[in-house]
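Subject: A structure for you to look at

Hello,

Here is the structure I promised to pass on. Please open it beside this note, and then read on for what turned up.

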Amino acid sequence: MNAISHLVLTNGALEAELMPHRGARLCRLSAKRPHADDVDLVVPLRDWDAPEHGWPKAGAYPLIPYSNRIADARLAFDGAIHTLEPHPLDWPNTLHGHAQRRAWDVHAHDSQRAELVFDETASAHWPWPFEARIVFALRDQALDMSFALRNTGSMPMPAGLGWHPFFATDCDTTIRFDAPRRWELDDRFLPTGHSTVAPHATTLTRDDWRDGDCALYASEWNGAANAGVCIERRAGTLRLSANPALTHLVIYAPRGGALCCVEPVSHLANGFNLAARGVAGTGMRTLAPGESWHARVTLVWEPKP
């Protein structure tokens, strides 16, 4: 394995750029078009223009070993309270795991496939050691991403997996998905533990974040290829699917922005603490020593003729 800062995967239909040293980020994914400009499927990350401790609102990054926030950086697990390192930009909470702020090693790569590895010891960010792997692979008009998380310690470990893309949108973009359980949020974007069931599938357009931020936490999502998430744009349709490890969705779009984050994740934000309080359906999962857990996300681009 070695430290490589930049990789390009291409198959003639799609081109992906990776930044292993920037938290295994996908910094560009574009669809090729004959006699026309490429179509950016995620907001391209061209420059690392971000505040200290932050990151650009572009590209896509893994959510490992958990997704979203842990309230007050205090994690209830296995009868104990574990104090974590708060995130400086979301004090006093943690935010998005720390794997996306670390350099990953390149285990193997060729022109259409790359395998990245992150081997972490116990730390103030996560008091359990673990190994994470991501495989990016192009095929036809699709990008497949396989995620693996293994508990390398001697004690049980709470675990979460997910992916945080910043999808590019245009004025005509429509986003459709069916994840019927909707979680109530407080003013810190933390679930209260209360949820309702939506009777119909959800449809979003840029009007939904024209005058204010759009933030939805949904679960009971069926990420199968014939369901998943459909993002319709002028140039074509992007379909996001996932295996049954990822049954929650986080939707976030900043007010007036030309992007929308549609994040397939394994658990609810602050889900470990909510589960400890007896809230059902949070996606809480425990890995035994040596146990591995796998998730898969696929993006398929369907260009318009």
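Where is H53 found? H53 sits in the loop between β4 (39-40) and β5. Please keep in mind that this is a predicted model.

Let me stay with H53 for a moment. Its phi is near 75°, a positive value in a residue other than glycine. At 38% relative accessibility, H53 counts as partly exposed, because that category runs between the cut-offs of 20% and 50%. D78 also has a positive phi without being glycine, in this case near 55°. You will find D78 in the loop between β7 (74-77) and β8, and with a relative accessible area of 60% this residue is exposed. As background, most residues other than glycine have a negative phi, and most peptide bonds are trans.

I64 and P65 are joined by one, with omega at about 5°, and P65 lies in the loop between β5 (60-62) and β6 (69-70). W91 and P92 are joined by a cis peptide bond as well, with omega of about 5°. P92 belongs to the loop between β8 (80-83) and β9.

Now for the overall picture. The C-alpha trace spans about 60 × 50 × 35 Å along the principal axes. Of the 305 residues, 54% are buried. Among contacts with a separation of 6 or more, 65% are between residues 24 or more positions apart. The accessible surface comes to about 12900 Å², and carbon and sulfur atoms account for 48% of that surface. As for charge, there are 29 positive and 35 negative charges, and their mean positions are 1 Å apart.

The structure holds ten aromatic pairs. One of them joins W55 and Y61 edge-to-face, at 5.7 Å centre to centre and with 75° between the planes. Both W55 and Y61 are buried. Another edge-to-face pair is made by W163 and F167, at 6.5 Å centre to centre and 70° between the planes. W163 is buried, at 1% relative accessibility, and F167 is buried with a relative accessible area of 1%. There is also an aromatic cluster formed by Y66, F77, W126, W128 and F272.

Which residues does Q100 touch, leaving out those up to four places away in sequence? They are R22, G23, R25, W55, Y61 and P62, so W55 and Y61 from the pair above come up again. Q100 itself lies in the loop between β9 (94-95) and β10 (105-109), and is buried with a relative accessible area of 2%. Q100 and P289 are 189 residues apart in sequence and 23 Å apart in space, C-alpha to C-alpha.

M19 is buried, with a relative accessible area of 15%. Beyond its neighbours within four places in sequence, M19 is in contact with S5, A24, R25, C27 and L45. From M19 to L299 is 280 residues in sequence and 19 Å in space, C-alpha to C-alpha.

Definitions and conventions: Residues are numbered from 1 along each chain as its sequence is written. This is a predicted model: local features need pLDDT of at least 70, side-chain atom pairs count only at pLDDT 80 or more; totals for chains, interfaces and linings use all residues. Side-chain values use heavy atoms; hydrogens and water are left out. Buried means under 20% relative accessible area, exposed over 50%, partly exposed in between (1.4 Å probe, protein chains only). Contact means heavy atoms within 4.5 Å. Accessible areas come from the Shrake-Rupley method with a 1.4 Å probe; for residues, only the protein chains shown count as cover. Lys and Arg count as positive and Asp and Glu as negative; His and the chain ends are not counted. The place of a charge is taken as NZ of Lys, CZ of Arg, CG of Asp or CD of Glu. Rings of Phe, Tyr and Trp (its six-membered ring) pair if their centres lie within 6.5 Å; planes under 30 degrees apart count as stacked, over 60 as edge-to-face and the rest as tilted. Helices (H or I, at least four residues) and strands (E, at least two) are DSSP runs, numbered from the N terminus.
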